[in-house]
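Biologist: I'd like to go through this one with you, term by term. Could you put it on the screen?

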Amino acid sequence: MADVAAAPPRAQHNWSIGWGDAGPFLALAALVAIGYLINPDFLSANNIANVVTRSAFIAIIAIGATFVISSGGLDLSVGSMAAFITGVMILFMNTVAPSVGTAAIPLGMAVALVTGIACGLLNGTIVTVGRIEPFIATLGTMGIFRALITYMTDGGTVAIDRSLRDAYRPVYFGDVLGVPIPILVSLAVALVAAYVLYRTRYGRRCVAVGANEDVARYSGISVTRIRITAYVIQGACVAIAAICYVPRLGAATPTTGLLWELQVITAVVIGGTALRGGRGRVWGTVAGAVILEFIANLMVLSDFVSEYLVAAVQGVIIIIAMLIQRMSKR
Amino acid sequence: MADVAAAPPRAQHNWSIGWGDAGPFLALAALVAIGYLINPDFLSANNIANVVTRSAFIAIIAIGATFVISSGGLDLSVGSMAAFITGVMILFMNTVAPSVGTAAIPLGMAVALVTGIACGLLNGTIVTVGRIEPFIATLGTMGIFRALITYMTDGGTVAIDRSLRDAYRPVYFGDVLGVPIPILVSLAVALVAAYVLYRTRYGRRCVAVGANEDVARYSGISVTRIRITAYVIQGACVAIAAICYVPRLGAATPTTGLLWELQVITAVVIGGTALRGGRGRVWGTVAGAVILEFIANLMVLSDFVSEYLVAAVQGVIIIIAMLIQRMSKR
Amino acid sequence: AEKKVIAVSIPAADHGWTAGVVYHANAAAKEINKAFPGIEVIVKTSPSASAQVSAIEDMSATRKMDALVILPHSSEELTTPVKTIKEKGTFITVVDRGLNDPHIQDLYVAGDNIAVGFNTAKFLVEKMGGKGNLVVLRGIPTVIDDERIKGFQDGIKGSDLKILDIQYANWNSDEAFKLMQDYLAKYPQIDAVWANDDDMLLGVLEAIKQSGRKDIKFALGGNGMKEIIEKVKAGDAMTPVETPYPPSMIKTAIYLTAAHFAGHAPVRGALKLDAPLITKDNAEEYYFPDSPF
Amino acid sequence: MNAAQAHVPAPDGGPVLRAERLGKAFGGVTVLSEVTLDIRPGEIHAIIGENGAGKSTLMRLLSGYLQPSDGELLMDGAPIRFHTPSHAQSVGIALVHQEILLAEALTVAENIFIGREIARFGRLDERAMREAAAAQLAAIGCSVSPRARVGDLSIANRQLVQIAKALLGTHRVVIFDEPTAVLTHEEVDPLLDIIRALKQRGVAILYISHRLDEVERLADRVTVLRDGRMVGTYEAEGLTPQRMASLMVGREFASLYPPKLEPELGEPALEIAHAHVPGFVNDVSLTLRKGEILGLAGMIGAGRTELFEGLLGLRPASFGEVRLHGRPVHFRSPAEAARAGLGYLTEDRKGKGLLLGERLAPNLTLAALDRVHPFARLDLAGEAQQLDRAVRSYDIRLRSRDARAGQLSGGNQQKLLLAKVMLNDPTVLVIDEPTRGIDIANKSQIYAFIQSLVREGRSCIVISSEMQELIGLCDRILVMRSGRINGELSGDAMSESNVALYATSSVARERALEENAHG
Ligand SMILES: Nc1ncnc2c1ncn2[C@@H]1O[C@H](COP(=O)(O)OP(=O)(O)OP(=O)(O)O)[C@@H](O)[C@H]1O
Ligand SMILES: Nc1ncnc2c1ncn2[C@@H]1O[C@H](COP(=O)(O)OP(=O)(O)OP(=O)(O)O)[C@@H](O)[C@H]1O
Ligand SMILES: O[C@@H]1[C@@H](O)[C@H](O)OC[C@H]1O
Ligand SMILES: [Mg+2]
Ligand SMILES: [Mg+2]
């Protein structure tokens, strides 16, 4: 079979795949162009920096969700998990601050990570060992996380100790060479995630489990372990997002993380990851998160949408973004 | 080959299906038993009637969702669709009431149905013709419906005209031979739905589309038409629920129907319908809706759960209910 | 004698202010249950209007209820159900968000939302010499939100203060932070900001601080949140005043209801908590360090 | 519409369907070109060719599943375009797919009637459908219950259900794409009878098979495809399997089976004692010796597949004892088995073997990731080399390296699967249906390959529904029936009649009972 791997067809094929993956970036570009036409301020460095920085939380959490979703799962609990981790972290830092001073901050970060991983482990275990539909299982833990933090904080509001506030502030408001730290963090997370998903054995297995559980099982892959790990990665990502989030407003409140799960899933899907599993797109997810934040920003910067209709216009734009994404796949 | 299809394995198979379907009812029975132990008032006729009547809304909407989900779709917009329909209906009735009097009520009901069907048609068209992931498409229309009604009512609140209130009241508060009307309505809807899903060509095709789209398409089924019809059924069910809902709360507000979609999907899944499609259980869905309402009721009737922890306990109970459901399938 | 049962039905903690309500309601229940052996207070929270209707139905179906203290999720949806309870002879105390039919209530305890908006507006008109550019953040579409906005608009009427923009931020500090960032990007000159609740003001202040902009002279809120009162006490230049709308009104209402049963004279009528400007001088009176709000 | 009754005579003596210079390209890659073919009423027309020759593609063009990129179709002499499969069905053209296309969550009867449910006054007539389905199934010698869930059926039974589904209705042309690949001999015969009966009624039959003896018995004419082009159409009369094979591969073709080695049987390699797989296997014990090729014969439902799925921890099972190379073992997962040196190649390549939407390299290495990629980081270059090597050693034919597994022809998928299992370098290999859908040239390669494995000192169990294959290849054959080992054959006793006897009747048990009675 000398004719097997002929060069031209291969090249062509790649090209078309390339376009398919470009979908979310095209949608993003279209949005930026429209934004500029509507209000040139949209492209001011300041505005862009703000918006992209804001999108960092959703992006980081959504990168975790890319693993869960491409392995065939779903996690509705991320929003309340974020609130829970934020709360636990602040409570912990406030408790130790009097004795250890600003060393409370790195310690708090470690606590946040451990908490996130534990939450992910819980979700993963219920889904795999309990064999419960992820939608329902994580809807359950969504209530659990939210209630626990409300309980621990008597109503859910807990502010970071004044003595720590200034030391911690740069994690959200600081920058390195002009690039805001949350952007750097989310880029780092995306780089690591893309590496893990595309370049490691784990990533291969994760996608295989999502594509066809039986094939994975017959290939000697422990479906349970892979799925649980995906939820643990999700938990760690939520923790990282929480760590960046705390200095922004310095508090966990009952509304922290509310409805983030929907934004997260939307970002992942706009980014080109298949909701049924078997296909994950880390950079697409990041683009998806930025798209969502841009849409919200545009709603404020443009003058012609009644405040009542903002949600409708957002809905329409999301659907259009998906259409652009879809169409570019042909 | 005469010996292959020996009787015993076949019989056993049937039997196990029987149990599998009994899952939600077993979970319900367990819950009722626990409820009684916690607070004997739980089983008072009055309380049971209240709870079951209340569950009618979610049940009716969830019956529609059973079609959408078993055909392989999803609809997140049902809650805001309910608010939208309620709002449109009330606005319409209030407008015509001065001229036609209480005839406004049946007219309003017709308007509600038409609106519901139109909303369903919109959802179905975006999902099938636009080929957009149902999760995203209906998340988009969720924002659209909510915003439209907020816009139409200048802030989203509209109460039913006083002149109609008393005439309309019996639709929720009345009964026939002691059975509250919403219960009768939801039974009627469930009966019709069960007939359609289990006994008609459409139902068979709906499940086939959800089970394997390719097989359905190759067998000459118009997947698009079947899916759109499922969304239209969903829209009609939301309208019926809204019609029953209006007299209870007497108004549409910006929070009407908020997060119902999650309850609806939970009811459907607890009821034994597969979230990936290909299997629908109408009566299970009804049981699921009643279970959810019983859990909420139990939270109010029991005194030992801190108010902050209610959501956590609910989450745990839902997960346990799913486990019972799952286990009975063995 | 049998215990008198007071049921308290309030929204679940869904933002700072309601968290304060839950805190004060629980505190009141504990204190009263201890202090008055003849009275039992039970507190139930509900995450939505329809859940709240269900909760009061459930309580009245399964136990005797001598009084109901309710902070309704929304006025429209709770009016009929509360009326049904009232018809069984239950004493009704309504807090904050009123019912559509005031005849239902025996006792009404509320803040003055019009005044919250109006007094803030008057302060701005005076301090800014009657002119300047404003941006406004509003909460969740509800009567309360509408009233505050209306009070504010009435307050600036006749002056040259101009509202550049007004958008919903759902009484949520995160959304307010983003919205304020966007306002700052959109308008090169903003003289003052009003967020109609303090949760949102927290986000606004953070966004202003980050922008480093100097044009904003005032950023005001409303509700009497602890952190904001502290600023007022400290003579903060940007937030020198505040209007109270204390979540502790629920506690007041529960105590008054308990007094109706424990006391010697029946308690009835309406108690409207004033919304005067809190300034550096009187801030101490409005400062409760132990409250979560 | 009644089951398998109908036939419509052709209007004149001309072909029902004619393909004229038909061609098909996928994204610029031509897989079929210039195929001209007459399909006449009342004839059985076989299409043969190597794996990937384009047979299935041609059949899909003829039945509306694919649209031609070139050429045209004529029906009764008039040009026609099939926009959808159901359009083709409505004019009387039915296709039995090579791959199984059924909804697993639905029952047999539901699957058979998808899209053409029987209803009375809008109400489904379940009984009528069940009865029609049962009749249809019985007609092709399949006795699964119409109420059974398709997902619970064996592959062979699914194939029969799929045939029953396709045969339902009125037909002028019925296309069978490797209908017998997954069937045992007992199941093949009733099916061939059905096909002949269809022919008697004037239906035109297109028949694809890699079992050339079947083609010889059945066909009136034979069309040979090679690399997407026509070699020619021949009268079947006098066309021997030998001749067919050489037309397919374009050179003389020698013998199918390698000469048997005198097995030097060594130590036991795999010993299984008292295996129980609830519902499938009942007290099975067997021993495989080092250097041995052990055959496992039996009919559908005999429990061969389940025995090994149980052994690998893929389904609940209990064992008296299992030893691998003398060491007691207990596997909880295929990974543990693979590490210990036991490999299993599934019979269900589409459902359990390959990720159809994934590229070839990830598929190849999926079961051996730790081996191919010694570090957590993927060694993509190494992986590409592995693919090259597999493509070469197993002669996997593909048009593009970027192809998805699902785009390979059925036979090439099977070869990819074999390569995948071998990547773990098993010392004991269990192959469930090794040559399902494999063309004759590749078959003989695979046989030679299996033999070279045992020559290297490995051992092999071959589960197969092709008796000749077992007889030609194995040193010893165990015959299973209803979850038990019903007999053992070796040497000259390995004959088709003996295998069939043990597979279908309870001789062994009767004999044992007899002995008990005497002893
Ligand atoms: N959808 C597709 N996209 C790209 N290439 C395809 C597609 N379907 C088939 N091919 C290619 O077309 C060629 C012919 O495939 P086809 O399935 O017709 O072979 P076949 O003769 O049926 O082989 P087998 O005997 O193995 O079933 C193969 O090289 C295959 O990879
Ligand atoms: N009585 C029966 N009725 C219907 N299906 C049956 C019955 N008994 C067994 N089966 C089906 O047959 C299958 C069991 O055997 P399976 O075919 O996998 O065994 P096998 O010996 O490997 O045969 P083969 O591999 O040739 O199909 C099961 O999936 C089961 O659903
Ligand atoms: O919930 C509302 C609160 O947020 C607002 O600020 O004050 C009034 C309350 O009803
Ligand atoms: Mg083929
Ligand atoms: Mg088998």
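Biologist: In which helix of chain A is A:V192 found?

Modeller: A:V192 sits in helix 8 of chain A; helices are DSSP runs (H or I, at least four residues), numbered from the N terminus. This is a predicted model, where local features need pLDDT of at least 70, side-chain atom pairs count only at pLDDT 80 or more, and totals for chains, interfaces and linings use all residues. Residues are numbered from 1 along each chain as written, chains are lettered from A and ligands numbered from 1 in written order, and side-chain values use heavy atoms, without hydrogens or water.

Biologist: What makes the contact between helix 8 of chain A and helix 9 of chain A?

Modeller: Helix 8 of chain A brings A:V196, A:L197 and A:R199, while helix 9 of chain A brings A:R201, A:Y202, A:G203, A:R204 and A:V207. Contact means heavy atoms within 4.5 Å.

Biologist: Which pair of chains has the most contacts among the five that touch?

Modeller: That is chains A and B. Chains C and D do not touch, with their nearest C-alpha atoms 37 Å apart.

Biologist: What makes C:D154 and C:K150 a salt bridge?

Modeller: Their side chains meet at 3.2 Å, N to O. The rule asks for a side-chain nitrogen of Lys or Arg within 4 Å of a carboxyl oxygen of Asp or Glu, so this pair qualifies. Because C:D154 and C:K150 are four residues apart in helix 5 of chain C, about one helical turn separates them.

Biologist: How many salt bridges does this rule give over all chains?

Modeller: The count comes to 64.

Terms used: Helices (H or I, at least four residues) and strands (E, at least two) are DSSP runs, numbered from the N terminus.
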